[in-house]
Amino acid sequence: MLKTKGNEAQGGVRALVRGLAVLREVNLLGAARPGEIATRLGLPRPTVYRLLQTLEEEGLVVFSSTNNRVRVTRLAASLGDGSAAMSALCQAAGPLFSEYLAKIVWPLDLSIYESAAMVIQETTHGRSPLSVDRGMIGYRMPVLRTSAGRAYLAFISDEERRLIVEHIRRLAVPEDLSFLEAIDLSDLLADIRAKGYATREAGEFRPNTSSIAVPVKLDGATTACVSIIWIRSALSIKEATSRYVEPLMEIADRLSRP
């Protein structure tokens, strides 16, 4: 009997240790698929799924409503490196994107700035009938040549913008050079601030598509961007802005609310 209790106790401790390891890994990655976590931790996938289900039942993690990635929740905010706050934003974006998908149809993306790139965190690419891309979560987009990057640059602080532009300048990506002329870039960003949104036309990043993006602000600070992408032969910039700027701003406003 004592041996049985001992085995049960050891099994419980092992499960707890594994569960904490999984939780730490999710927090470290910000968002991850169960298979990625299993590989990184050297655990069987079924074990990781069971642990994630338990963590989800306890309110510590949540699966995205638009893809098979899992993130920490507000309840896990004590982990404290900022992933929980971003996770909360992504959790809010998933249902909102689903709500607007029927109205907008073209793919929606939520992206954040990370090391000289805008990185997609949530998207409807996998469900939009008009998408030509799949698996866009984690996709890195250039800052100066995308609407999301331009919107982000336009609405952040002068100091943050200066540091980002200097970083991009040091990287010296040939395609970015024409956008690094200070006067031209300053005028472009001023125009974006005046309009409240940024656009990208063909030839600047992907020749067959165009996009519009608006900033998402949390506590008054620009944190992310929401964007829509479409096949340029289907819509002009003028048509797209008249149809989609208002719903994009609605989404951004709702994401900004506590």
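Because the model is predicted, local features need pLDDT of at least 70 and side-chain atom pairs count only at pLDDT 80 or more, while totals for chains, interfaces and linings use all residues.

Select Arg 71 and Glu 122, whose side chains meet in a salt bridge at 2.9 Å, N to O; the term stands for a side-chain nitrogen of Lys or Arg within 4 Å of a carboxyl oxygen of Asp or Glu. Arg 71 lies in strand β2 (residues 70-72) and Glu 122 in strand β4 (residues 118-123), so the pair ties together parts that are 51 residues apart in sequence. Strands (E, at least two residues) and helices (H or I, at least four) are DSSP runs, numbered from the N terminus. Are these two partners buried or exposed? Arg 71 is buried at 3% relative accessibility, and Glu 122 is buried too, with a relative accessible area of 1%. Here buried means under 20% relative accessible area, exposed means over 50%, and partly exposed lies in between, with a 1.4 Å probe and protein chains only.

**Stop two: along helix α6**

Next, select helix α6 (residues 158-171) and show the side chains of Glu 159 and Arg 162, which are 3 residues apart, or about one helical turn. Their side chains meet in a salt bridge at 2.5 Å, N to O. Glu 159 is partly exposed, with a relative accessible area of 42%, and Arg 162 is partly exposed at 37%.

Elsewhere, Arg 33, Glu 36 and Arg 69 can be selected together, as salt bridges that share partners join them into one network. How many salt bridges does a search of the whole structure find? The search finds 12.

**Stop three: Ala 148**

Now move to Ala 148 in helix α5 (residues 147-155), a residue that is buried at 1% relative accessibility. Leaving aside neighbours within four places in sequence, Ala 148 is in contact (heavy atoms within 4.5 Å) with residues including Ser 111, Met 141 and Cys 225. If you also select Ile 112, you will find its C-alpha atom 8.5 Å from that of Ala 148, although the two are 36 residues apart along the chain.

**Stop four: the largest cavity**

Finally, select Asp 109, Met 141, Arg 200, Ser 211 and Ile 229, which lie nearest the centre of the largest cavity among its 16 lining residues. The lining draws at least two residues from each of α5 and β8 (221-231), and β8 gives the largest share, 3 residues.

Methods:
Residues are numbered from 1 along each chain as its sequence is written. Side-chain values use heavy atoms; hydrogens and water are left out. On a 1 Å grid over the protein atoms alone, a cavity is a set of points where a 1.4 Å probe fits but cannot get out, and a pocket is an open set with protein on both sides within 12 Å along at least five of seven lines; lining residues have an atom within 4 Å of a point.
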